[in-house]
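Biologist: I am new to this one. Please show me the model, and then I will ask about its parts.

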Amino acid sequence: MSETIQTLLQESRTFPPSPEFIAQANANDPKIYQDAAADPEAFWADWARKLDWFEPFDTICEYTPPYAKWFLGGKLNASYNCVDRHALGDRRNKPAIIWEGEPGDSRTITYGELKDEVSRLANALKALGVGKGDRVSVYMPMVPELAMTLLACARIGAAHSVVFGGFSADSLEERTNDAQCKVIVTADGGWRRGGIVPLKSIVDEALDLGCPSVTNVLVLKRAGKPGDLTNGVKTPAYNEGKWVEGRDIWWHDLVASQSTDCPCEPMDSEDLLFVLYTSGSTGKPKGITHTTGGYLTGTMATSKLVFDLKEDDIHFCTADIGWVTGHSYIVYGPMANGATVLMYEGAPDTPDKDRFWRIIEKHKATILYTAPTAIRAFMKWGTEYPDRCDLSSLRLLGSVGEPINPEAWIWYQEVIGKGKCPVVDTWWQTETGAIMVTPLPGITATKPGSATQPFPGISVSVFTEQGGKTEVTGPDVTGTPTGGFLVLTKPWPSMTRGIFNDPTRFQKTYWSRFENAYFAGDGIKLDEEGYLWLLGRVDDIMLVAGHNISTMEVESALVDHHAVAEAAVIGKTHDIKGQAIAAFVILRSGHENHEGLVDELKKHVAHKIGALARPDDIFISAELPKTRSGKIMRRLLRDVAEGRALGDTTTLADPTVVHLLRDKYEASEG
Ligand code: ATP
Ligand code: MG
């Protein structure tokens with residue numbers, strides 16, 4: 001960046017942990033940061049030893065950028081660590097998964113039952129010829145069998161490649177071929193907003209496009225036949241697909257009859273656990289790989305300390321398992337700790353906009369981990385929905401996926417957390433495997449909108465365009481504030497081992513900008529008190545009249561206005577200023593676009609940040625283009641604002657949104 005970002009939105013509110021929270025917290029001694037920084041390898045090795053190893057490791061870490069290896073010589077199995085070791089004695093009766101389907105049906109699966117189910121499924125996969133070193137494509141609704149499929153693959157040493165159930169046949173075909181998967185595990189369909197997502201028919205389509213590596217499709221019956229009843233709700237008509245004899249196999253025909261005895265394959269610490277394609281906010285998805293020992297160590301440690309996970313917690317992570325958040329914080333991290341996870345199949349507004357709060361009330365969830373996009377939707381809908389439910393079981397709130405605007409943070413803390421739950425804003429990526437920048441809820445005084453500090457054992461650097469480098473390893477950084485690129489110069493156990501079959505792209509995407517350092521692609525700022533503020537992707541940062549202004553800060557200033565629920569800001573080419581700021585704004589429910597509102601919003605931004613950040617254009621919109629993981633896709637808004645042809649829209653949740661928006665935008669430009 002040509003100069004340090006000077007326009008950071010002022011945010012002076014701080015929220016120290018309460019004495020009651022500190023007293024019971026898994027981490028409450030700030031010394032953890034110093035100890036970990038003094039010897040990160042020893043810190044991580046201690047955590048790794050909390051896993052069960054078939055053979056102990058002899059070397060903690062070998063690092064030759066861009067590749068690191070962790071816990072060399074060790075042998076373990078992820079399924080053993082997430083299932084078997086908790087299915088012993090009385091603990092086998094502890095719920096592992098509490099699940100609720102969209103029609104309101106629900107199931108509880110204990111660790112003992114999970115072990116039997118995972119073992120049966122693992123034997124079924126073996127019967128289909130899947131073995132150690134193979135890959136399995138997973139295209140399923142959010143049902144317990146999805147978690148079981150991950151664990152069954154891990155059990156026999158096959159790597160899973162989960163493709164989010166909202167992706168198209170093309171996306172599934174592309175990912176299945178890239179990972180050369182042998183089998184696809186799917187379901188007839190899954191419930192979404194009262195309808196059925198016809199998963200099996202989409203698999204058929206993908207296979208018709210051509211996936212020569214696939215020999216079989218294992219199909220779970222979830223949606224059933226049109227007219228079937230689930231908790232009194234009728235399955236609507238949907239495309240059930242075609243049944244190809246010999247290729248397609250019903251889950252209930254194959255899995256039920258298998259033995260519950262399936263030994264866990266001893267895996268090398270560095271053996272592939274999974275491939276997962278990134279969500280595609282910036283372009284063509286990348287097949288990110290993760291290995292066994294390091295990934296499990298990172299997700300187990302962060303689950304325990306960031307979520308303050310306890311034996312009797314009910315952990316509700318609302319992400320789909322199709323994203324890394326679901327991999328790390330529904331399946332591997334919580335389960336490596338033997339925790340109880342709460343899983344929900346459907347939409348947050350079905351049958352009504354209080355669905356999440358009803359689920360929390362009913363199952364007494366204690367931890368909620370969700371995304372800013374969801375929080376902003378809840379704000380837009382209004383407080384009446386959470387207010388009609390009893391949320392008193394909640395004791396901790398988390399956020400992930402995008403920068404969280406301070407107003408959304410405060411709303412979350414007050415309306416959902418009733419002012420008593422610590423809020424952890426966690427920065428990480430598919431590539432990092434586990435949370436990297438986050439408060440520790442029993443130690444850190446939080447600031448709304450700041451992800452605060454690196455997790456113990458992690459060091460984060462702020463690199464400036466001029467070559468300045470500031471390394472942050474814990475809470476006590478002193479020195480001058482700085483802003484620039486988020487860079488990681490030291491290895492960590494859960495870091496990706498590369499892009500599947502594409503070392504050149506791996507090198508080029510992450511390791512070419514700075515020598516021997518991982519460039520995450522995000523902008524970051526360090527304030528005078530040693531707090532880190534994520535500014536979004538560097539590609540989204542604007543250059544206005546020679547000043548770098550982060551889109552995130554202007555968005556936060558807009559969301560700070562009482563009429564605004566959500567905002568997306570972009571830099572639009574401008575003859576004089578280089579870039580001019582354009583904003584797309586969604587109003588909160590109960591607010592209408594009225595004469596003077598746009599001017600009022602422009603003034604509000606100028607008042608919050610400075611005249612320089614005053615948007616030239618504000619466009620009131622009903623919706624914003626988002627990826628299927630809910631992230632705003634600003635590059636498409638740039639195309640709209642500059643009147644260009646729209647770029648790649650295949651990773652959008654709903655491509656019609658951006659087309660409609662463009663038509664309205666062009667009409668308003670007259
Ligand atoms: P692609 O890499 O294909 O463009 P993606 O980056 O959206 O997709 P993910 O790995 O799911 O895919 O997302 C990681 C990114 O999400 C981070 O690089 C960052 O931009 C953003 N992010 C995640 N958590 C936070 C957070 N707490 N604060 C700010 N940004 C966040
Ligand atoms: Mg990314």
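Modeller: Start with S328, whose side chain makes a polar contact with the side chain of Y295 at 2.7 Å. A polar contact is a pair of N or O atoms within 3.5 Å; within protein, one must be able to donate a hydrogen and the other to accept it, and residues adjacent in sequence count only if both atoms are side-chain atoms. This is a predicted model: local features need pLDDT of at least 70, side-chain atom pairs count only at pLDDT 80 or more, and totals for chains, interfaces and linings use all residues. Residues are numbered from 1 along each chain as its sequence is written, and side-chain values use heavy atoms, with hydrogens and water left out.

Biologist: Is S328 buried or exposed?

Modeller: Buried means under 20% relative accessible area, exposed over 50%, partly exposed in between (1.4 Å probe, protein chains only). S328 has 0% relative accessibility, so it counts as buried.

Biologist: In which helix is the place of S328?

Modeller: Helices are DSSP runs (H or I, at least four residues), as are strands (E, at least two), numbered from the N terminus. S328 falls in the helix of residues 324-336, namely α11.

Biologist: How many residues of α10 are buried?

Modeller: Helix α10 covers residues 292-306 and has 15 residues. The rest of the structure largely encloses α10, because the buried residues number 14 of the 15.

Biologist: What does α10 reach from its first C-alpha to its last?

Modeller: The expected span is 1.5 Å times one less than the number of residues. For α10 that expectation is 21 Å, and the helix comes close to it, reaching 21 Å.

Biologist: Which residue just after α10 takes a positive phi?

Modeller: The phi there is about 55°. The residue is D308.

Biologist: Which residues of β9 point the other way from V183, V185 and A187?

Modeller: In a regular strand the side chains alternate between the two faces of the sheet. Strand β9 spans residues 183-187, and five of the five are buried, so the rest of the structure largely encloses it. Opposite V183, V185 and A187 point I184 and T186.

Biologist: Which residue in β12 is the bridge partner of V185?

Modeller: Two strands pair if DSSP finds at least two bridges between them. Five bridges join β9 to β12 (residues 216-220), in the parallel sense. V185 has as its partner L218.

Biologist: Which residue stands opposite T186 in β9?

Modeller: Strand β7 (residues 135-139) runs parallel to β9, joined by four bridges. The residue opposite T186 is Y139.

Key. Chains are lettered from A and ligands numbered from 1 in the order in which they are written.
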